[in-house]
Amino acid sequence: MSILTDSVESLASYALHLAARPQTEPSEVFSTISALGLRKHPEGGYFVETDRDSNKISNPFLPQASAKARASREQEATRDTSTSIFYLLSPTSPFGAFHRNKGRTIHTLHRGRGCYIVIHADEAEKEAGVKARVEAFIVGHDVAHGEKLQWVVEGGKFKASFLLPDQHQERSTAGLLISETVTPGFEYSDHDFMTAHTLEELATVEQIKELSWLLRKSEG
Ligand code: GUN
């Protein structure tokens, strides 16, 4: 059974749809990229950091045992309080590859429609052979039909996202534009991409078939 239900067809059909993506962005997407000063994100899509609260807090991700030893390294001892970004998926860059952050991320929709997949890696039990829970949901403006305007992904969970056509349309005209706020503030050392090996550990064979197109390509 597909990870996605009812209103959305199988993920594999979206992979095919997105593979036939256009060479150039619709003009509305160009205007948004230019007006907001967005640039390419290594996950796919575009982003710009819009806020960084540089008041320092102690790094909650340091392992207890080594906290003292590492405290001398300012970069690891502390974190900025929070960061916010705009993030855009567009017809030519329509998905954000699976990755995870140690911090909790609050997402808010501004424009468009998309699908989020969350793999609850922190709930898997490798030794007991318990795979991770996989969750899929639609983000969009049709709240009466369960689409989300706001969603939170806790730290330690993998997420990926892809663009869906606007409601009752064949394509997206302006992309999927959201804001994300992460606490503590974003650092690459708190971020990692999912590998094919990790997906195999966390997901069932059926799920892997549906999800592997959302792995970052350059990972090999
Ligand atoms: N730099 C690269 N990716 C990100 C991100 O997701 N958030 C912030 N704030 N900066 C980034």
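The points that follow take up the basis of the values, the ligand site, the cavity, the strands and some backbone details.

1. Basis of the values. This is a predicted model, in which local features need pLDDT of at least 70 and side-chain atom pairs count only at pLDDT 80 or more, while totals for chains, interfaces and linings use all residues. Residues are numbered from 1 along each chain as its sequence is written, and side-chain values use heavy atoms, with hydrogens and water left out.

2. Surroundings of the ligand. The shell around the ligand consists of H41, F47, E49, T83, I85, F186 and Y188, where a residue counts as near if one of its heavy atoms lies within 4 Å of the molecule. By class, this shell holds 4 nonpolar, 2 polar and 1 charged residues, with Ala, Val, Leu, Ile, Met, Phe, Trp, Tyr, Cys and Pro counted as nonpolar, Asp, Glu, Lys and Arg as charged, and the others, Gly among them, as polar.

3. For T83, the distance from a polar side-chain atom to a nitrogen atom of the ligand is 3.5 Å; a polar contact here is a pair of N or O atoms within 3.5 Å. Of the 280 Å² of accessible area that the ligand has on its own, the protein covers 90%, with areas taken from the Shrake-Rupley method with a 1.4 Å probe. The elements that give two or more residues to the shell are β2 (46–58) and β3 (78–89), strands being DSSP runs (E, at least two residues) numbered from the N terminus.

4. The cavity. The structure holds 1 cavity of 30 Å³ or more, a cavity being a set of points, on a 1 Å grid over the protein atoms alone, where a 1.4 Å probe fits but cannot get out. The largest cavity contains about 50 Å³ of space, the volume being that filled by probe spheres set on the points, which are joined across faces, edges and corners. Its lining is formed by E43, Y87, G96, H99, Y116, K159, A160, S161 and E180, where lining residues have an atom within 4 Å of a point. At least two lining residues come from each of β4 (95–101) and β9 (158–163), and β9 gives the largest share, 3 residues. The lining divides into 3 nonpolar, 3 polar and 3 charged residues.

5. The sheet. An open sheet of 6 strands has the order β1-β2-β3-β10-β5-β8, with antiparallel pairing, and two strands pair if DSSP finds at least two bridges between them. The edge strands, each pairing on one side only, are β1 and β8 (150–153). Strand β1 (residues 39–40) pairs with β2 over 2 bridges, and 10 bridges join β2 to β3. F47 in β2 is the bridge partner of R39, and F47 also has Y87 in β3 as a bridge partner. Further along, β5 (residues 104–111) and β10 (residues 176–183) pair over 7 bridges, with R111 bridged to L177 in β10.

6. Backbone details to check. β1 and β2 form a hairpin with 5 residues between them, and G44 in the turn has a positive phi of about 105°. H168, which is not a glycine, also has a positive phi, of about 60°, and is found in the loop between β9 and β10. The peptide bond joining T183 and P184 is cis, with omega about -15°, and P184 lies in the loop between β10 and β11 (191–193).

Terms used:
A polar contact is a pair of N or O atoms within 3.5 Å; within protein, one must be able to donate a hydrogen and the other to accept it, and residues adjacent in sequence count only if both atoms are side-chain atoms. Helices (H or I, at least four residues) and strands (E, at least two) are DSSP runs, numbered from the N terminus. On a 1 Å grid over the protein atoms alone, a cavity is a set of points where a 1.4 Å probe fits but cannot get out, and a pocket is an open set with protein on both sides within 12 Å along at least five of seven lines; lining residues have an atom within 4 Å of a point.
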